[in-house]
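Trainee: Can we go through this one together? I would like to start with the terms and then look at the parts.

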Amino acid sequence: MHVLEIGADVPDPLAPYLEVDRSSPRHECWVAGHMVAGLDGTAAVGGRVGALSTRPDQALFRSMRQIADVVLVGAETVRREGYGPVRLSEDAQARRRELGKPATPPVAVVSRSLNLDGAASVFADAPEHAPTVVVTCAGADAGRRAEVAEFAEVILAGDERVDPEQAMRVLSGRGHGVVLCEGGPTWLGELVAADRLDELLLSISPMMGGDPLPVSVTPPGTGIARFNLKGVMAEDGTIFLRYEAVPDQTAAGERSDR
């Protein structure tokens, strides 16, 4: 066990996150989840996550977006948080261009109901090089699909629900090698249940008393997903944890039973 030394100088606290090799995913593409929670595990305050996010967490949130080929988010989170298109600093945009990537990644909104507003910033203000797309399923209302298609490209992944495996295959097929999932808890739980979460970036905010909503809500009957701790840092009372999925969870489960 190692003691986290509070006050120790870290030359570039973002480097351990930005320099991770995400070129070898376990499945179709590398899927990273980025979430924040209170000390009691709550993932929202008054229905929104913004109140949990501290200054250093916001800095990491903005910076992590530069590694993404697409930012994936559930429709409920888009509505509650007032999502807009991804904004990056000029330096971050330049680094992406040097890697042959567009200046900013597009947003992909996951929605079964397609209760989406085309006038919302995430759609209306999206740049031409990174238009927002909507990931839904074949069972979604055909009329709503047609309406949404007026302001966003609609991608089908699944029959009666949005299937995480199919969604990742579709996104990978579009050249998105790194998918950054920013919530919400239900969609993150779907990814965990489908064994599609390669990495979890979890910020622990120094507060308690939020909504009775956990970071991840997995479907009933979902097995246990195991992760290895890869990094720990702290700033201004916020703890930053980085985990990666255990490569062979079946083998890990067998070993733990011995």
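Mentor: One term to begin with: helices here are DSSP runs of H or I with at least four residues, numbered from the N terminus. Also keep in mind that this is a predicted model.

Trainee: Which other residues have a positive phi without being glycine?

Mentor: L114 has a phi near 60°, and D236 has one of about 50°.

Trainee: Where do L114 and D236 lie?

Mentor: L114 is in the loop between β3 and α5. D236 is in the loop between β8 and β9.

Trainee: Is L114 buried or exposed? And D236, buried or exposed?

Mentor: L114 has a relative accessible area of 0%, so it is buried. D236 has 54% relative accessibility and therefore counts as exposed, the cut-off being over 50%.

Trainee: What is S111 in contact with, neighbours within four places in sequence aside?

Mentor: The contacts of S111 are A75, L116, V135, T136 and V162.

Trainee: New topic. Which peptide bond is cis?

Mentor: The bond that joins G183 and G184, with omega at about -5°. G184 belongs to the loop between β6 and α8. As a rule, most peptide bonds are trans.

Trainee: And α8 itself, which of its residues are buried?

Mentor: P185, W187, L188, G189, L191 and V192. They pack against β1, β2, β3, α7, β6 and β7.

Trainee: Where does A194 lie, and what does A194 touch?

Mentor: A194 lies in the loop between α8 and β7. Not counting residues up to four places away in sequence, A194 touches P164 and E165. With 12% relative accessibility, A194 counts as buried.

Trainee: How far is A194 from A225?

Mentor: They are 31 residues apart in sequence, and their C-alpha atoms are 9.8 Å apart in space.

Trainee: What about A146 and Q66?

Mentor: Those two are 80 residues apart in sequence and 32 Å apart in space, C-alpha to C-alpha. A146 is in helix α6, residues 142-148. At 45% relative accessibility, A146 counts as partly exposed.

Trainee: One more helix. Which residues are buried in α2?

Mentor: Helix α2 covers residues 55-64, and P56, D57, L60, S63 and M64 are buried. Viewed down the axis of α2, these buried residues fall within an arc of 130°, so they line one face of the helix.

Trainee: And their packing partners?

Mentor: They pack against α1 (15-18), β1 (30-38), β6 (178-181), β7 (199-205), β8 (227-235) and β9 (238-245).

Trainee: Now the whole protein. How many helices and strands are there?

Mentor: Nine helices and nine strands. The C-alpha trace spans about 55 × 50 × 40 Å along its principal axes.

Trainee: What is the radius of gyration, and what would a compact globule have?

Mentor: The protein has 18 Å, and a compact globule with 258 residues would have a radius of gyration near 18 Å, so the two agree.

Trainee: How much of the protein is buried?

Mentor: Of the 258 residues, 46% count as buried. The protein exposes about 12,900 Å², with carbon and sulfur atoms supplying 51% of it.

Trainee: And what about contacts between residues at least 6 apart in sequence?

Mentor: Of those contacts, 71% join residues at least 24 apart.

Trainee: Last one: how many charged side chains, positive and negative?

Mentor: There are 25 positive and 37 negative side chains, and the centres of the two sets lie 2 Å apart.

Definitions and conventions. Residues numbered from 1 in each chain as written. Predicted model: local features only at pLDDT ≥ 70, side-chain atom pairs only at ≥ 80, totals over all residues. Heavy atoms only, no water. Helix = DSSP H or I, 4+ residues; strand = E, 2+ residues; numbered from the N terminus. Rg over C-alpha atoms; globule rule 2.2 N^0.38 Å. Buried < 20%, exposed > 50% of the residue type's maximum accessible area, 1.4 Å probe, protein only. Contact = heavy atoms within 4.5 Å. Areas by Shrake-Rupley, 256 points an atom, 1.4 Å probe, with all protein chains shown as cover. Lys, Arg positive; Asp, Glu negative; His and termini not counted. Charge placed at Lys NZ, Arg CZ, Asp CG, Glu CD. Arc of directions from axis to C-beta.
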